[in-house]
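Here is a short note for a colleague new to this structure. Please have the sequence and the model open as you read.

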Amino acid sequence: MERREFMAAFGAAAVLAAADQAMAQTEHGMHPPKFKELQDACGHCVATANDCLRHCIGMLAMKDYSMTGCINTAYQVVAACGALQALAAVNSAQVPAFAKATADVCAACQKECEKFPDSPECKACALSCKTCGEACRKIAA
């Protein structure tokens with residue numbers, strides 16, 4: 001390949017790369033996330049609720065049934081927050097209505113997890129549910 005051909009190919013590649021970058025920036029700017037804070041709060045809430053579930057199921061395996069209420073509410077948080085996170089990610093028009101119900105689910109889990117302040121998993125889940133519930137109420141209002 002001669003120098004002239006190389007420079008032409010290199011120039012064409014640079015133009016295409018710049019066009020791709022401009023297109024990506026335009027696409028992202030055209031459809032920004034409307035519910036990013038809520039989406040992140042829901043994701044964190046799902047993660048901590050799953051940690052709480054793992055702990056509570058371990059307690060059940062040791063024949064300690066004191067956390068059965070916590071299992072119930074944490075499971076509901078995983079389901080509700082997971083669904084709301086998915087809706088928020090696509091800017092669904094249903095987010096405000098679903099956020100209202102999810103705030104109630106988070107409040108119930110927070111209340112149940114606060115019964116176990118000595119459990120780091122339950123403590124983290126309660127705090128995450130509080131944060132997520134607040135984010136839900138902001139959107140639902």
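Predicted model: local features only at pLDDT ≥ 70, side-chain atom pairs only at ≥ 80, totals over all residues.

1. Start with α2. Its 26 residues should span 38 Å at 1.5 Å a residue, and its end C-alpha atoms are 38 Å apart, so the two values agree. Lys63 follows α2 and has a positive phi, near 65°.

2. Look next at what α2 hides. Its buried residues include Leu38, Ala41, Cys42, Cys45, Val46, Cys52, Leu53, Cys56 and Met59. Gln39 and Thr48 are buried as well. The cover over these buried residues includes α3, α4 and α5.

3. Move to α4, which runs over residues 95-113. This helix has 19 residues and reaches 25 Å from its first C-alpha to its last, close to the expected 27 Å.

4. Several α4 residues are buried, among them Val95, Ala99, Val105, Cys106, Cys109 and Cys113. Glu112 is also buried. Covering the buried residues of α4 are elements that include α2 (36-61), α3 (68-89) and α5 (120-140).

5. How do α4 and α5 pack, and at what angle? The angle is about 155°, and the axes lie 8 Å apart. The pair is therefore roughly antiparallel, since the angle is over 145 degrees. The crossing of α4 past α5 is left-handed.

6. Finally, check the contact itself. On the α4 side it includes Pro96, Lys100, Thr102, Ala103 and Gln110. On the α5 side it includes Cys122, Cys125, Lys130, Gly133, Arg137 and Ile139. The contact residues divide into 15 nonpolar, three polar and three charged.

How values were computed:
Residues numbered from 1 in each chain as written. Heavy atoms only, no water. Helix = DSSP H or I, 4+ residues; strand = E, 2+ residues; numbered from the N terminus. Expected span 1.5 Å × (residues − 1). Buried < 20%, exposed > 50% of the residue type's maximum accessible area, 1.4 Å probe, protein only. Contact = heavy atoms within 4.5 Å. Axes fitted to C-alpha atoms, helices over the stretch in contact; angles between N-to-C directions. Parallel < 35°, antiparallel > 145°, perpendicular 65-115°, else oblique. Left-handed = near helix turned anticlockwise from the far one by under 90°. Nonpolar A, V, L, I, M, F, W, Y, C, P; charged D, E, K, R; others polar.
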